[in-house]
Amino acid sequence: MNAKNGAADGAEEPHGSDYDRLPYPSLPIAYTQPGALAAMATLFGAAPADVSTASVLEIGCASGGNIVPLAVRFPHARFLGVDLSARHVAEANARIAALGLTNISVRQGDITSTQFEREAFDFIICHGVFSWVPRVAQDAILRICGESLRPAGVAAISYNVLPGWHTRRIVRDILLFHADPKASPADRVARARKALADIAGAAAGNSPYVSLLRSEAQRLAKAPSAYIMGEFLAEQNTPCYFSEFATRAAANGLTYLCDGEVATSLPDYFAPTISKRVRELAGESALGVQQYTDFFTGRPFRRSLLVPSAGAPKPMLALDPVRARHLHFSADLRRRAEPSKAGEAVYLDHRGRPIRPKGPVASAIVEGLARAYPGTCTLDELFHGTKLSDEAKALQILTLLLISEQATVSTVPLRVGRGDGACPRAWHLARLEAAARQPLVTGQHHAPVRLIAALAQLMPHLTGENDRAALMRLAANTTDSASQTLGTPDQALAQALSFAARHGLLEP
Ligand SMILES: C[S@@+](CC[C@H](N)C(=O)[O-])C[C@H]1O[C@@H](n2cnc3c(N)ncnc32)[C@H](O)[C@@H]1O
């Protein structure tokens, strides 16, 4: 399931890539879920395929941390992963075998020489690859998307963008200057971190340059080694302008639709203070608006969704809320213990921002979403059991939650367990990952979850066959054996189940 029981087990291949020697931590990436891509495509005017029976390709799938959980979640869809690294592919195949999956295959191959002659896909995912491979491989990614997407298909490609990435380029140059190409990737990363910390620590003054060094040194001190290796020390990192990406996509029969999230796809909302000026400069061109937004904001990274140009919808710079009518919303909202001064309920979003719903429609939406999280609700489900009927208002509120990054959306419902039944059962993928002592397990909402101690010990036993008394005994035993203070067994169980429920680890 992880590097420990993967085939390669730390062995280095004689001519292995850096990825073979410092594997990339392969994790679920929420925006790449076909349900999320299909919802974005729907909001921006396309009519994507039914996810439950879709055909999905992931280019550069590493050891399958993203694609394997999708294959578990959608047993009637088909998944194919391709990756250059033999070690990554061996690990992915070990995961697939351990889970007994028959709807997924992961093969080793170089994308530059891969053809999918008879295969066509409803969704193509290529995250964390495009900017980090040579030009010939970038061309191959766009060629494959152009040739192998079905007419209603959607491709998601992430990449570093200019001019924003220029500032990180300064740090990359400093780190590369200190890198010993003969050293192992781990040694190169350690040396790079130290060099940047030393320089940023000793630099004097508060010029924009010194501030950049300090903030990047702080950021990279906490960043995973594989990220530093991939972004700052790898041979390849070629950011490009959005306009160049869109032009190259167009040459392959692909049209930019939107980005991976609503907020950044709509510059009017993403950067409201400059949107008027952006519009003046870009004129009528929707792609120009995107490019000018990058000039104004300096964003360093994009996750762009592309669709076949034949039949592509017209670019949109505003959302029609009606398009959200049948979508499934999820929002990480919690009710704050104390109400507002006026006695109204106050909720906090995932960033701790307060939401004070005004009126019955907003209250029903916010309450319903908070209760269901990480499960999803449609408008009908939010209105169910109420006398509310103002759909237009509800859709407006729901799209505002999307625009303000307080909700996510999918074409697929998610139902999760609350841990309040007699014999709680964890999602079997996360249970196996926990049993294999993976540091991060996969939530059903397709996000990585770091388990708290109380739950890490209990997860393998949440099979749906152990009742609460049995789980409490297990909690008592494991608490003793681990010599950890997790409170009384019933406190440990309550804490574990509440965490598991909140992080989408329990089945309904
Ligand atoms: C930074 S990792 C990203 C992995 C994964 N998509 C993610 O975001 O977690 C880049 C992956 O692309 C793969 N890769 C690089 N060049 C490739 C090529 N020419 N053909 C296929 N895969 C390639 C690497 O082996 C590596 O697993």
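This is a predicted model: local features need pLDDT of at least 70, side-chain atom pairs count only at pLDDT 80 or more; totals for chains, interfaces and linings use all residues.
β10 and β11, residues 347-348, run antiparallel, and two bridges join them.

Now the whole sheet. It is open and has three strands, in the order β10-β11-β12, with antiparallel pairing. Which strands stand at the edges? β10 (334-335) and β12 (354-355) do. Each has a single partner strand, so one side of each is left without a neighbour in the sheet.

Next, the domains. The protein is divided into four pieces.

Take domain 1 and domain 4. Their C-alpha centres lie 32 Å apart. The contact takes nine residues from domain 1 and nine residues from domain 4. On the domain 1 side, two elements give two or more residues: α3 (67-73) and α4 (86-99). Which gives the most? α3 does, with three residues. By class, that side of domain 1 has seven nonpolar residues, one polar and one charged.

Last, the ligand. How many residues surround the ligand? The count is 22. The closest are Gly60, Ala62, Leu84, Ile111 and Gly128. The shell around the ligand divides into eleven nonpolar, nine polar and two charged residues.

To recap. The β10-β11-β12 sheet is open and antiparallel. In the domain 1 side of the contact with domain 4, α3 gives the most residues. And the ligand has a shell with eleven nonpolar residues. That's my tour.

Definitions and conventions. Residues are numbered from 1 along each chain as its sequence is written. A residue is near a molecule or strand if its C-beta atom, placed from the backbone, lies within 6 Å of it. Ala, Val, Leu, Ile, Met, Phe, Trp, Tyr, Cys and Pro count as nonpolar, Asp, Glu, Lys and Arg as charged, and the others, Gly among them, as polar. Domain bounds come from an automatic or database domain assignment. Two residues are in contact if their C-beta atoms, placed from the backbone, lie within 7 Å. Helices (H or I, at least four residues) and strands (E, at least two) are DSSP runs, numbered from the N terminus. Two strands pair if DSSP finds at least two bridges between them.
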